[in-house]
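Take a walk through this structure, one step at a time. Start with the whole, then follow a few residues.

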Amino acid sequence: MYVDDAGGARIGTTIGKSMAGFAATAQEGGFAVSGEGGEALLRAVYAMADWVDSQRTSLAFLQQEAPLGSTHGAMTMKPYLQQVASDGAGFVTQLEQFREALIQAEQGIKQAMANYQDTDKLNADKLR
């Protein structure tokens, strides 16, 4: 699966790089997120991760040969359908990469929340 606005890159690759950059920027203290904002972001990340996880059984069917019959058209489409689902640019492959990116997002959000607490404490100490 390719996305035009991603410069022809695969979605999973683009999201993965974005989340890696997001997590690295948070690790370097590049931004902070309040506890309330972070919890809202984490709930969204967890909801997406839960959805991906809940689809794994259904998605396994996409990777199997479709029961289309034995006509010439069916025989032509069977391998194509499997390829669309599971090759390097396939939907299932991209969804798995998205799931991995959600883990990086979680780490980045948690780090950004810690950054917020550190900044808040530093500022409070300055006022004493």
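Contact here means heavy atoms within 4.5 Å. Keep that in mind for M48. Leaving aside its neighbours within four places in sequence, M48 is in contact with F98 and L102. The model is a predicted one.

Now step back to the whole chain. The protein chain holds five helices and zero strands. Read from the N terminus, its elements run α-α-α-α-α. The chain has 128 residues, and 23% of them count as buried. Its accessible surface comes to about 8300 Å². Carbon and sulfur atoms own 57% of that surface. Now take the contacts in the chain with a separation of 6 or more. Of these, 66% are between residues 24 or more positions apart.

M48 sits in helix α2, which covers residues 35–54. In sequence, M48 and L102 are 54 residues apart. In space, their C-alpha atoms are 7.9 Å apart. Is M48 buried, exposed or partly exposed? Its relative accessible area is 36%, so M48 is partly exposed. The cut-offs explain the label: buried means under 20%, exposed means over 50%, and partly exposed lies in between.

Next comes E106, in helix α5. Which residues does E106 touch, leaving aside its neighbours within four places in sequence? E106 is in contact with L42, V45 and Y46. Y46 and E106 are 60 residues apart in sequence. Their C-alpha atoms lie 8.3 Å apart in space. E106 has a relative accessible area of 19%, so this residue counts as buried.

Move on to helix α4. This helix spans residues 72–86 and has 15 residues. From its first C-alpha to its last, α4 reaches 22 Å. That is close to the 21 Å expected at 1.5 Å a residue. Which residues of α4 are buried? They are A74, K78 and A85. These buried residues pack against α3 (56–62) and α5 (91–127).

Look at K78 in more detail. K78 has its place in helix α4. Its relative accessible area is 10%, so K78 is buried. Leaving aside its neighbours within four places in sequence, K78 is in contact with E65, A66, L68 and G69.

How do α4 and α5 meet? Their axes come within 3 Å and cross at roughly 10°. Because of that angle, α4 is roughly parallel to α5. On the α4 side, the contact is made by V84, A85 and S86. On the α5 side, F91, V92 and T93 make the contact. By class, this contact has four nonpolar residues, two polar residues and no charged residues.

G90 has its place in the loop between α4 and α5. Is G90 buried or exposed? G90 has 0% relative accessibility, so G90 counts as buried. G90 and Q63 are 27 residues apart along the chain. Their C-alpha atoms are separated by 9.7 Å.

Methods. Residues numbered from 1 in each chain as written. Predicted model: local features only at pLDDT ≥ 70, side-chain atom pairs only at ≥ 80, totals over all residues. Heavy atoms only, no water. Helix = DSSP H or I, 4+ residues; strand = E, 2+ residues; numbered from the N terminus. Expected span 1.5 Å × (residues − 1). Buried < 20%, exposed > 50% of the residue type's maximum accessible area, 1.4 Å probe, protein only. Axes fitted to C-alpha atoms, helices over the stretch in contact; angles between N-to-C directions. Parallel < 35°, antiparallel > 145°, perpendicular 65-115°, else oblique. Nonpolar A, V, L, I, M, F, W, Y, C, P; charged D, E, K, R; others polar. Areas by Shrake-Rupley, 256 points an atom, 1.4 Å probe, with all protein chains shown as cover.
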